[in-house]
Amino acid sequence: MELKLIDKNGKPAKKGVTVSEDTFGREFNEALVHQVVVGYMANARTATRAQKGRDTVAHTTHKPYAQKGTGNARAGMSSSPIWRGGGRAFPNSPNENFSHKVNRKAYRAGMQTILSELVRQERLSVVEEFSVDTPKTKALAEKIKGMGYAGGVLVLTDSFNENLYLSSRNLTNVMVVEAQFADPVSLVRFPNVVATEGAVKKLEEMLA
């Protein structure tokens with residue numbers, strides 16, 4: 001199959017880009033995309049929360065009141081989870097594991113599905129080259145606006161471009177990454193994806 005190609009100014013080029021239909025023409029599978037996106041987000045999560053159980057909460061070991069004669073239910077220590085100020089019955093642990101296993105084959109198929117859907121929705125553009133002469137945020141913002149991507153764009157490059165990276169750091173709706181570091185969450189989140197010809201070839205090699 002062939003994808004439309006645009007020049008560095010956003011105008012249609014004379015020729016297109018021939019790509020693999022397995023990577024950019026795959027049928028949409030919502031369940032697979034959901035599995036890949038959720039798995040990626042879960043694997044990026046770190047267990048930083050922690051709560052105190054009844055063995056770690058600060059409390060006295062004395063019995064709150066007499067065992068008999070008060071009319072209250074029996075109580076041993078104030079660290080009980082049913083008491084105010086007591087420990088949690090099932091506290092969150094900083095060693096909690098949030099990871100999801102996603103098979104390599106399923107991950108590749110999910111990425112192919114996302115790229116194929118971007119092509120169908122005309123959200124993926126292939127450009128001959130994408131660069132700025134100086135590491136200036138204003139220069140990149142004007143370039144993106146001139147190409148018609150005001151709503152936000154993910155730029156996939158075939159190699160590291162320092163000027164592009166430095167120019168994009170202060171733009172909240174622009175993200176520049178190398179093709180080998182493309183992830184399913186970013187591909188789904190950004191309304192537009194711009195990839196260089198070299199980046200498209202790298203994606204094909206990675207997902208083949």
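Residues are numbered from 1 along each chain as its sequence is written. In this predicted model, local features need pLDDT of at least 70 and side-chain atom pairs count only at pLDDT 80 or more, while totals for chains, interfaces and linings use all residues; side-chain values use heavy atoms, with hydrogens and water left out.

Helices (H or I, at least four residues) and strands (E, at least two) are DSSP runs, numbered from the N terminus. Five strands form an open sheet in the order β2-β4-β7-β5-β6, with parallel pairing. Two strands are said to pair if DSSP finds at least two bridges between them. At the edges stand β2 and β6 (174-178), each of which pairs on one side only. The pairing of β2 with β4 is parallel and rests on two bridges; within it, I6 has V127 of β4 as its bridge partner.

Toward β6, β5 is joined by five bridges, and the two strands run parallel. In that pairing L156 stands opposite V177 of β6. Toward β7 (residues 192-196), β5 is joined by four bridges, again with the strands running parallel. Here V153 has N192 in β7 as its bridge partner.

Buried means under 20% relative accessible area, exposed means over 50%, and partly exposed lies in between (1.4 Å probe, protein chains only). Both faces of β5 are covered: V153, V155 and T157 are buried on one side, and L154 and L156 on the other. Together with helix α5 (residues 162-168) and β6, β5 makes a right-handed β-α-β unit. A crossover is right-handed if, with the strands pointing away from the viewer, the path from the first strand over the helix to the second runs clockwise.

The largest pocket has a volume of about 360 Å³. Of the 14 residues that line this pocket, K4, I6, E122, L124 and S125 are the closest to its centre. The elements giving two or more residues to the lining are β2 (5-6) and β4 (124-127), and β4 gives the most, with three residues. By class, nine lining residues are nonpolar, three are polar and two are charged. Ala, Val, Leu, Ile, Met, Phe, Trp, Tyr, Cys and Pro count as nonpolar, Asp, Glu, Lys and Arg as charged, and the others, Gly among them, as polar. The search uses a 1 Å grid over the protein atoms alone: a cavity is a set of points where a 1.4 Å probe fits but cannot get out, whereas a pocket is an open set with protein on both sides within 12 Å along at least five of seven lines, and lining residues have an atom within 4 Å of a point. Grid points are joined across faces, edges and corners, and the volume is the space filled by probe spheres set on the points.

E122, one of the residues closest to the pocket centre, lies in the loop between α3 and β4. It is exposed, with a relative accessible area of 68%. Although E122 is not a glycine, its phi is positive, at about 55°. Most residues other than glycine have a negative phi.

Side chains of opposite charge can pair when their charged atoms come close. A salt bridge is counted where a side-chain nitrogen of Lys or Arg is within 4 Å of a carboxyl oxygen of Asp or Glu, and by this rule there are three. In one of them R49 pairs with E96, with the closest N and O atoms 3.5 Å apart. This pair links distant parts of the chain: R49 and E96 are 47 residues apart, both in the loop between α2 (30-43) and α3 (104-120). R49 is partly exposed at 36% relative accessibility, and E96 is partly exposed at 32%.

Another salt bridge joins R120 and E117 (3.1 Å, N to O). Both residues lie in helix α3, three residues apart, about one turn of the helix. R120 is partly exposed at 43%, whereas E117 counts as buried at 18%. K201 and E204 also form a salt bridge, their closest N and O atoms being 3.9 Å apart. These two lie in helix α7 (residues 197-207), three residues apart, about one turn of the helix. K201 is partly exposed at 38%, and E204 is buried at 14%.
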